[in-house]
Amino acid sequence: MFSKFLSTTAVVLAATQLVAGQTHTDCDPTKKKCPDDTAFGTTVSVDFTKGASDLFKAADGTELTYDSNGAVFTINKETDAPTITSTKYIFFGKIDVQVQAAPGQGVVTSFVLQSDDLDEIDWEWLGGDKTQVQTNYFGKGDTTTYDRGAYHSVSDPQDNVYTYSIDWTKDYVRWYINGNQVRELKYADAKGGTRFPQTPMQIKLGTWVAGRSDAPEGTVQWAGGLTDFSQAPFIAHYKSITIDDYSNGVKGAEKYVWADGSDGSYQSIQVVTGDGSSDDTSSSSSSSSSATSTAKDTQSTESSSATKSSESSKTTLATSTVSSTASASVSSSSSSLASETATPSGTNDTASPSSSGSAPVTETSAPGTNGALKAGFSGAALGACLLAAFML
């Protein structure tokens, strides 16, 4: 496995050097009063082959182009980190992204869901790894454990377009490749639910450089080595995205309101609808892509309802220019296939590209990585390295 090449020395270096880098939020509603989260409140699809979408805001310094393959995320130098973030939020939901990851040793492509109190769910691709993709989750910015990462077999993700999905409800998170489930995290498996991602999230798409000349040695080794910019540009294509906001089972959601003194639980967040009414989500149903329900229903049901919005002022984007003293962006997420968390689901075959239809994918327990597209290193990179040590 690509991930097993980390040495014990590299793991120790990464552990000591990465711990200071934390995921960032502009306003944490569990600590102070913050602006409400604007809801998608419905299902929307964006075809990036047709150009930019006003549902996403580019990070400072991000310049994208668009062609027949979709949105073009280009890395030409170490400080490049093109990133876009949704202007609205989802409160549980299903996201399908068609992406062709960027090639290049040390180059990372990331698809991330992240909330204001640092709940997070990720997909992440290393440019030098032609055989697998990584998944992570993270709860409340908790970096006390680093055993949530997992790898999943996929063939040549830098040369083929696949559909990667996250189906997120109050009861579980499921990851899919081309419609085939490769992993599941259950609520109770994330430290009894206390570290289960459960608060309204924005969607972040981007690429960045982990193989920087000024990056910690452990991180460079995790990323496959230093990036050779004589081989640039390194390009990722995001072809399309479909966002189905479950809105915690409430139809017509317009915004998500955190209760004063929120403990970061989904029950502490109210869904405000278009008629100005507010539904207490503590009695609302769980959501899924196959059923709908109302928030006043005390039974746990599944819903395929509305999308949620967010405010661009609250995004935790990475800028596309990172200072020379900053480390490459890395997410603070970790993954659920670890011993403390979820049981994986999958088969023994390798995924095939979207163009050839769905195919089973191997579920492989392995070190987690990072992916939230922030300036500075996060706990997930450290998690990747620590878990690698356990496998040596």
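# Terms and values in a predicted model

Student: How do you know that β13 and strand β14 (residues 180–186) pair?

Tutor: Six bridges join β13 and β14, in the antiparallel sense. Two strands pair if DSSP finds at least two bridges between them, so the six bridges of β13 and β14 meet the criterion. One of the links is between I177 and its bridge partner in β14, N180. The model is predicted: local features need pLDDT of at least 70 and side-chain atom pairs count only at pLDDT 80 or more, while totals for chains, interfaces and linings use all residues. Residues are numbered from 1 along each chain as its sequence is written, and side-chain values use heavy atoms, with hydrogens and water left out.

Student: What lies between the strands in the hairpin of β13 and β14?

Tutor: Two residues separate the strands there, and N178 takes a positive phi near 50° in this hairpin.

Student: How many bridges join strand β12 (residues 162–168) to β13?

Tutor: Five bridges join β12 to β13, and the strands run antiparallel. D167 has R174 in β13 as its bridge partner. β12 and β13 also form a hairpin, with three residues between them.

Student: What makes strand β13 (residues 172–177) largely enclosed?

Tutor: Five of the six residues of β13 are buried, so the rest of the structure largely encloses this strand. Strands (E, at least two residues) and helices (H or I, at least four) are DSSP runs, numbered from the N terminus.

Student: Why is S165 called buried?

Tutor: Its relative accessible area is 3%. Buried means under 20%, exposed over 50% and partly exposed in between (1.4 Å probe, protein chains only), so S165 at 3% is buried. S165 is in strand β12.

Student: What makes the pair of S165 and D96 a polar contact?

Tutor: The side chains of S165 and D96 come to 2.4 Å. The term covers a pair of N or O atoms within 3.5 Å; within protein, one must be able to donate a hydrogen and the other to accept it, and residues adjacent in sequence count only if both atoms are side-chain atoms. The value of 2.4 Å is within the limit, so the pair is listed as a polar contact. Beyond its neighbours within four places in sequence, S165 has contacts (heavy atoms within 4.5 Å) with residues including K94, W123 and Y176.

Student: Why is the link of K94 and D96 called a salt bridge?

Tutor: The N to O value for K94 and D96 is 2.7 Å. A salt bridge needs a side-chain nitrogen of Lys or Arg within 4 Å of a carboxyl oxygen of Asp or Glu, so this pair qualifies at 2.7 Å. K94 has a relative accessible area of 18% and is therefore buried.

Student: What makes D117 and K140 a tie between parts of the chain?

Tutor: The side chains of D117 and K140 meet in a salt bridge at 3.3 Å, N to O. D117 is in the loop between β8 (107–115) and β9 (120–126), and K140 is in the loop between β10 (132–138) and β11 (150–153), so the pair ties together parts 23 residues apart in sequence. D119 joins D117 and K140 in a network of salt bridges. D117 is buried, at 2% relative accessible area.

Student: Where do K255 and D36 lie?

Tutor: The side chains of K255 and D36 form a salt bridge (3.5 Å, N to O). This pair links distant parts of the chain: K255 is in strand β17 (residues 253–258) and D36 in the loop between α1 (8–18) and β1 (37–38), 219 residues apart. K255 is partly exposed, at 33% relative accessible area. The structure holds 12 salt bridges.

Student: How do you know that a disulfide joins C27 to C34?

Tutor: The S to S value is 1.9 Å. A disulfide is a pair of cysteine sulfur atoms within 2.5 Å, so C27 and C34 meet the criterion. The structure holds one disulfide. The link of C27 and C34 is left-handed, with -90° about the S-S bond, and both cysteines are buried.

Student: Which class, buried or partly exposed, does K191 fall into?

Tutor: K191 has 32% relative accessibility and counts as partly exposed. K191 has a positive phi of about 50° although it is not a glycine. F92, also not a glycine, has a positive phi of about 70°, and F92 is buried at 0%.
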